[in-house]
Every structure is written in C-alpha cells, then in structure tokens.
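Visitor: Could you walk me through how some parts of this model are arranged, and on what grounds each label is given?

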Amino acid sequence: MTMRLRLLAPLLAAAVVAAGCSESGESPAPDVLRVGLAAPATLLPADVRDQSGRMLAGALWTPLGDYDPATGKMTPRAAESVTSADRTTWTVKLKDGGKFHDGTPVTAQSYVDTWKAIGQERWQASRVVKDLLRAKEITAPDALTIRLVLDRPSGQIPALLSSPALVPLPASALTSRDWAGFAQRPVGNGPFRLDGAWQPSGGKLVRVADAPGKARVIDLKTGDAAAHYDEVKAGKLDLSTVVPGDRHEAMHADFAQRHVMWALPSAAYLGFPLTAPHFSDATVRHGFALGVDRAALEAGVLGKQVDPAKSLLPPAVAPGERSSTCRPCTFDAGAGKSLLTQAEFPAAPVHFGQSEANWLRPLAEQVTKAVGVPLAPEPGQGPFALDLNLMTPSPQEVLSEIAKATGYASDGFADLLKSAEETEAADSGEVYRLVENQLLRDLPVAPLWSGHGHAVWADRAGDVTATTFGGVDLPAVSLH
C-alpha cells in the first residue's frame, strides 16, 4: 500500500499543477479564448439589458440580419431576404438548413411562436412587438416564410427584425415556458453553444462548426473589471470586455493597438414636465439644458463610461451624417442663466421627478450652481431622468419613447414621426433628422449622453471588433 501511494504521489502532484495552470490561465490550449466579462443579468435574449448579455446572445444566436441605421440597409443573416411591396405586408424568407443547438430545425413557426410569447411576457422586447412592430397578423405560410401584416405602413421593419431580442426559441422552451431554466441553459441557433449550465462565475462556449484560426472554445469568467484588465496585462486572460474608468488613460499605453470602443444602445435625457406651468416655455427648458456640464459628469459620477451628447439621436441609431450642432447639448452657464431670467423663472426651489438615476443629485447640484435656480433631487413636478436602454437600431424607438415619457405632441410632431416611419428605410434618414430638429427646437428633453463600451486584449488574440447590439464579436476573434 505504501509503495502504491509513493507511485501515485508524483501523478497527483502533476495533476494539481496542471489544474492550477488551467485555472490561472497561464497556459491555455491553442484554440481556447479566455474572456473576462461582467455578469449578465440574463441569457434570455428577449430580456437582455446589458452588454454582457448582448455579447453572449450574439454568440449563441444568429439574428435575421444586421441593420445599419446610417444607410438604412439590412444585411441578411438567418434570413434570405426581407421584402415588401407596400410596406404594410412584409415577407421574410429564411435560409434553409438552420438548426437549434438541440438538433431541431429553425422554422418560420419558431419565430411566430417566439414573437407571440414575447408579446405575452413582460420582457424588454415586448415593447418591440407591441409598440413598434404592431402587426395585426404574423403567420408562417410555409417552413421558410414569415408573413407580417401591419396595422399601418412602416419602412422600419428591417431595422426592427434585426433586433437580437427577436431571435427564435426552440419548441422545447416555448412548450415548457420554463424561462428561468432556459436562461440558465439557453439553446440558440448561433455559432456557439453553451456547454453545461451558466454559473455565477461564468461558463464555456463551444463552437458548433469548424472555423480555422478562430477559437473552438471560449472560457468566460465573470468578475471585477479592474481585475480582468490586469489579468489581460499579465497574460492570464486574453480579452476583457469592460474597462473601468480609472484604466481609461492607461489603456492607450498598455494596449496601444489592442483596444476597441463602440457605441452602446443606451441614451440619457433630462426630461421636462411639459404640463407644469414653469416648464411649458421652451426658453426655460433651453436654459436648464445649457446649465448641464456633461463632460464633468462623464469624468465624475459616470466613470468615463459615456459620451456627452452631440445630437438628440444617439450614435447607436443615428441615420446618416449631420452637419448642424446641438446647441442645447453644450454647457454655457451664462447663457442658461440669461434665458431663465428672460423667461422670468421664479427663484423658488425646483424638485426633480422620481428617479433612481445615480447622476441626478450631482446634476442637480451642478445646475443649481450654473443657472442660480435651486434644484432639489427629491420627487416633485420638475425635470426627470430618462434613461433609455434600446432594443432595436431604429430611430423610431428612441423618438417614440421620448414622446411617451413627456407627452410631447405639438406642431404636427405625430404626423412627421408617422411620415418618417412610413418612408422607405434607405430614405428615412432625412425625415428622422427633421423630427430630431423639431425636438431640439422645442426641447421636451435635453440630450445628456450615450453609453459606450471598451475592450482590451492580449497579443495572442486578434480581429477583435464590436457592434452596438452585439458587443464584442466573439465568433470573429482569432487566435495566434
């Protein structure tokens, strides 16, 4: 027995050392990509609300297509085509041969049943189905055809259908309706499948089909962004998908050619109670907007995770290029104070609307100092925080949410917004800019900032790119 233990001891020691190397990430396999990320709130694609969830959904699912709001064009992915003769009846043709990771086929009925479930549940994407798609009828005439009949013409359907929130769920999930269980063990139709259940500490993705030069396995580790950043520097991780604010300056030296930034589908606004007597005057609203120092908030409470607004529509959905400047997006305390004086705004304290936004109190203190009107961040009939977490690349979503939150409906706004929605997607940019210009004139909301993401990577990784609604494109990352 003693001799046997002596023989086993070196083997056990070697096993422990090997396990330690694997755990620390010092010697990864040539086809394994090690990724650090923040813990996602959920892996249920229709309820994703953070960049980690969007990134994982992009690896586990293939959307119908990719939409570019700048050009109004959709590049098909799971779809073969998305067409309409009158922009009221739309036909989606699917590519043949699509399969879920459980081996069952992806059919048109998969989408129809998934979108029906989304409409019934209180998921983030329910507003896309109910408020934006607004289809009277969604059917599957055959296994590869989806037919949508809308309650009005819309040129935004390609943008809406490209949403990663509208990817299909397998029949097993739709039948069981065990959404919590499915979020732990998601079954998608994308380039990677999840190996085992998702754990609080992370999980493992395995590529479905061979892709030479790309990762076959992705080890995902949740945790602190600063720790992940340092682990990439030390070679213990290959990629960190979040960069904390206190590493932003160092990032340019630490990862000179190995970092990427991208626009997130999020935007923040300061909304105004248009029915309140003191805020019915656009001059007042412009005065308060000019009293916000967005750059100071970005560098302070917001931890350098945002970009101060330069327009009303955030980069994530902005169609085409704009040459005009956003005057209400600038900080000009003197001009803001002058406008409030001109409007004879009373010096009595103004109480903010109800909000949990962490930036509301610093903003209140800042504006109080800038324009001389005391603002109190307690609930009341005053300015309020409007944080939008977008589900689609359509400008229609942002503008509709602003109108709904503020009740703004003056000077033919509804007709202009309807015209923009009905216009062919490729030509709608000009009309959406007219809508934006009207909102910047009347200012029911003051644009504040939009979110951005950062990632850094080690020498052995390459081809790291990121998109607004997908985050870092994990399937595209190469290893060398």
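Guide: Gladly! Helix 4 and helix 14 are roughly perpendicular to each other, because that label covers angles of 65 to 115 degrees and theirs is about 85°, with the axes 11 Å apart. This is a predicted model, in which local features need pLDDT of at least 70, side-chain atom pairs count only at pLDDT 80 or more, and totals for chains, interfaces and linings use all residues. Residues are numbered from 1 along each chain as its sequence is written, and side-chain values use heavy atoms, leaving out hydrogens and water.

Visitor: How do you know which residues of helix 4 and helix 14 meet?

Guide: Contact means heavy atoms within 4.5 Å. Arg127, Asp131 and Leu132 in helix 4 meet Gln396, Glu397, Ser400, Glu401 and Lys404 in helix 14. These contact residues divide into 1 nonpolar, 2 polar and 5 charged, with Asp, Glu, Lys and Arg counting as charged, Ala, Val, Leu, Ile, Met, Phe, Trp, Tyr, Cys and Pro as nonpolar, and the others, Gly among them, as polar.

Visitor: What makes strand 5 and strand 7 a pair?

Guide: Two strands pair if DSSP finds at least two bridges between them. Strand 5 (residues 89-94) and strand 7 (residues 145-150) have 5 bridges, in the antiparallel sense, so they meet that definition. Thr91 stands opposite Arg147 in strand 7.

Visitor: Why do strand 4 and strand 6 stand at the edges?

Guide: The open sheet has 4 strands in the order 4-5-7-6, with antiparallel pairing. Strand 4 (79-84) and strand 6 (135-142) each have a single partner strand, so one side of each lacks a neighbour in the sheet.

Methods: Axes fitted to C-alpha atoms, helices over the stretch in contact; angles between N-to-C directions. Helix = DSSP H or I, 4+ residues; strand = E, 2+ residues; numbered from the N terminus. Parallel < 35°, antiparallel > 145°, perpendicular 65-115°, else oblique.
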